[in-house]
Protein chains: 2
Amino acid sequence: MTTGSPQTATATTTAVRGTLVRYRNDPFLTSREDAFVHEPDGLLICENGRITAAGDYTALRDRIPPGVTPVHYPGHVISAGFIDTHIHYVQTGIIAAFGSQLIDWLNHYTFVEEQRFADGAYARRVASAFCDELLRNGTTTALTFAAVHPDSADALFEEASRRDMRMVGGKVLMDRNAPDALLDTAQSGYEDSRKLIERWHGKGRNLYAITPRFAPTSTPEQLEAAGQLWKENPGTLVHTHVSENTGEISWVRSLFPERRGYLDVYDHYGLLGDGAVLAHGVHLTGRERDRCAETGTAVSHCPTSNLFLGSGLFHVHDAKDPRHPMKVGLGTDIGAGTSFSLLSTMNEAYKVAELTNYPLDSVKAFYLATRGGAEALGLEDTIGSLEPGQEADFVILDPEATPLLAQRTARVEDIEELLFVLAVMGDDRTVRATYVAGALAHDREA
Amino acid sequence: MTTGSPQTATATTTAVRGTLVRYRNDPFLTSREDAFVHEPDGLLICENGRITAAGDYTALRDRIPPGVTPVHYPGHVISAGFIDTHIHYVQTGIIAAFGSQLIDWLNHYTFVEEQRFADGAYARRVASAFCDELLRNGTTTALTFAAVHPDSADALFEEASRRDMRMVGGKVLMDRNAPDALLDTAQSGYEDSRKLIERWHGKGRNLYAITPRFAPTSTPEQLEAAGQLWKENPGTLVHTHVSENTGEISWVRSLFPERRGYLDVYDHYGLLGDGAVLAHGVHLTGRERDRCAETGTAVSHCPTSNLFLGSGLFHVHDAKDPRHPMKVGLGTDIGAGTSFSLLSTMNEAYKVAELTNYPLDSVKAFYLATRGGAEALGLEDTIGSLEPGQEADFVILDPEATPLLAQRTARVEDIEELLFVLAVMGDDRTVRATYVAGALAHDREA
């Protein structure tokens, strides 16, 4: 199913033709015209893994290199590859675990499953299936938790490297409130993470994220070490959870009574800033949102997971309030989320927004799934849109992927409606093909 | 894609083998053991459109008629066909319409689309695609709105008859608060419905539902005529909406100030009772739920639609409170719902329940989608389970329908977990085959 290797990918010159959509700005903060670009008959040319031209086919066709024939996807939408800003690859096996809210769910399912990642062979098998599933769903970059075991992070980066994907991840840091087999220590977690950074950060397309699970499973010493490690390794990311569930928030208050609140725990230990991505943030207060905005801290909005665990409703319009807008991306949060598809995730984000009486339009939803995610990761100059110079990760969406979708898209009136229908009715089948670094990495028909 | 006709179906003897699940009681009201039956290696024998034997394969195999070879679906789940207790076939074309809550959505999208059903050829085309889509999703019975035009009901019943489906539907009654082209009158609505009842009710497998859209679009005279018509035609159903959206409820109060509330409008006009199905009921009060329970009135829970339009959260545990349990089925509510799949609808029902802090287990979810729906329609002796004597409508579910589903179901520990995973991760692909009246009506591989 998956093809491509760093060697072939970087040597490839690719041209694709279809309906091109891309972003130049945040549509929550600027007009649609400033933010969103749409070429009904567009052309994308990629050389050595990067985009070298993007725009109207007729205007650009003379720039197609000799000997290259564009792959024509008539009627299909070409978008930047989807960016999943919060996912646990080690929870792929426990999607759809019944009946619990957050803390019970962690204890009953997650902490059992993650112990299996002590077995490196198991980790490699899951990491491989995980990368394939991302590509099947048009996701070209993910910010992912590994397990506590350093090997599980190696497995992730090895499989991502084989596919030349821009992957961001890290071994989880946990030194309390979890089964012994899943605990590191402040010192060992620091050391193991440091070695992983040396081994993987900036190697190929891999990037490292320092990954304390969340405040309740790290001692103050571990959080301090994590903050120290981040300071020592500029360019790495921080990835954790915040304010997903009200019970969790109370727990954090009881564990850190000296702090002003959940976010302040991370703030105190130097874990906020550009490149820090906090999953969920469902119950962040206005003051906490302000603090995220002023520090450059991003939130990963995970609507499917928030519904599945009954965590609550994220208010995207508050998060993107132009007076103090936060960086926001979308996350599937596998395995509390139940679908790898960012299209399905947009659909769930729409529903959550509807319940808060905010109509999340398709230009904003696709932004969150692409450029918004790149901004959350601090990678907006590298991935997330289809501008010359960006890395050539993109997805081809098929408006006729199912009989029902074909009926519905036959009558759409404009690109916004088409994108909306793709988000609401789409799934992995809608992804006709996924290109990574300019090379075909998934082909639905293959 | 679709095969079968009344002639071949009733002449067919079919046997299928696989994992059999069925219901004898309501699992909200009795123990799992009293309600739910599971044969890991089960056999179903159907003759002349009805089930003649259902149970353990080894115990029953001697009863397979000579010359009949059971179709073996190893590892697959055989369930009663899904029953969709609320859907608008005439809204198939407007799924995924952006940005509105109920009343705006009706005015901007629905009332525009439904005018197209003045064209009988269009109605037939949509009705045909609609029936195919139901079968692709394992739905064998639907309670559906047609448009105001009697022809649109004819088209529905004709297409259902061609497929030998047990279909319940009716032309909508609307004599105010809609575009002129969609209005009937109390008298013409009554007459047209009466003729449709004569033409279709009890003909083949069709049943008629008297279908006032909802209180705001019918005058008191029309509601009175609808109640009168129901009295004159025992065995027909009533199908309408109630308490979906808070703005709608206020509107009803202003239109019917003399009534005690929304439900009381229908009560007053004789539209509650066994065989009355009210869609949504999201905001029903405790007293209104009691009144539904004591009159035998059913509610169709439409979680996808309620999320998509931001209508609110239905509390299924209140509705099924053993002190005064209501009949509850599931509805997709196409076109405000966005998927024909009752599996996806169970997933959405689970999420809505989680947000109300109630873990809706898979035995209850599948009940709602099968026997619960049959009880809502007053058809529990006819369809909705797989007992000898019932009509042979059933679905074959494939636990390996996608790579991710196969990975996940490979590790389930019991039938409850398998059903839960199928509900949460399933879609139309999960439906390997659909049988109607004992005959193969949809085969995914065909």
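This is a predicted model: local features need pLDDT of at least 70, side-chain atom pairs count only at pLDDT 80 or more; totals for chains, interfaces and linings use all residues.
**Reading the fold and the interface**

Student: How do you know whether the radius of gyration of chain A agrees with that of a compact globule?

Tutor: A compact globule with 446 residues would have a radius of gyration near 22 Å, and chain A has 21 Å, so the value agrees with that expectation. Along its principal axes, the C-alpha trace of chain A spans about 65 × 45 × 40 Å.

Student: What share of the contacts in chain A joins residues at least 24 apart in sequence?

Tutor: If contact is taken as heavy atoms within 4.5 Å, then among contacts in chain A between residues at least 6 apart, 75% join residues at least 24 apart. The secondary structure of this chain comes to 18 helices and 16 strands.

Student: Where do the centres of the positive and negative side chains of chain A lie relative to each other?

Tutor: Chain A has 40 positive and 60 negative side chains, yet the centres of the two sets lie 1 Å apart.

Student: What area is buried between chain B and chain A, and which residues of chain B lose the most?

Tutor: About 3700 Å² is buried between the two chains, with carbon and sulfur atoms giving 57% of that area. On the chain B side, F98(B), K351(B) and R411(B) lose the most area to chain A, together 16% of what that side buries. By contact, 49 residues of chain B meet 49 residues of chain A.

Definitions and conventions
Residues are numbered from 1 along each chain as its sequence is written. Chains are lettered from A and ligands numbered from 1 in the order in which they are written. Side-chain values use heavy atoms; hydrogens and water are left out. Helices (H or I, at least four residues) and strands (E, at least two) are DSSP runs, numbered from the N terminus. The radius of gyration is taken over C-alpha atoms; the globule rule is 2.2 Å times the number of residues to the power 0.38. Lys and Arg count as positive and Asp and Glu as negative; His and the chain ends are not counted. The place of a charge is taken as NZ of Lys, CZ of Arg, CG of Asp or CD of Glu. Buried area is the accessible area (1.4 Å probe) that two parts lose on being put together, summed over both.
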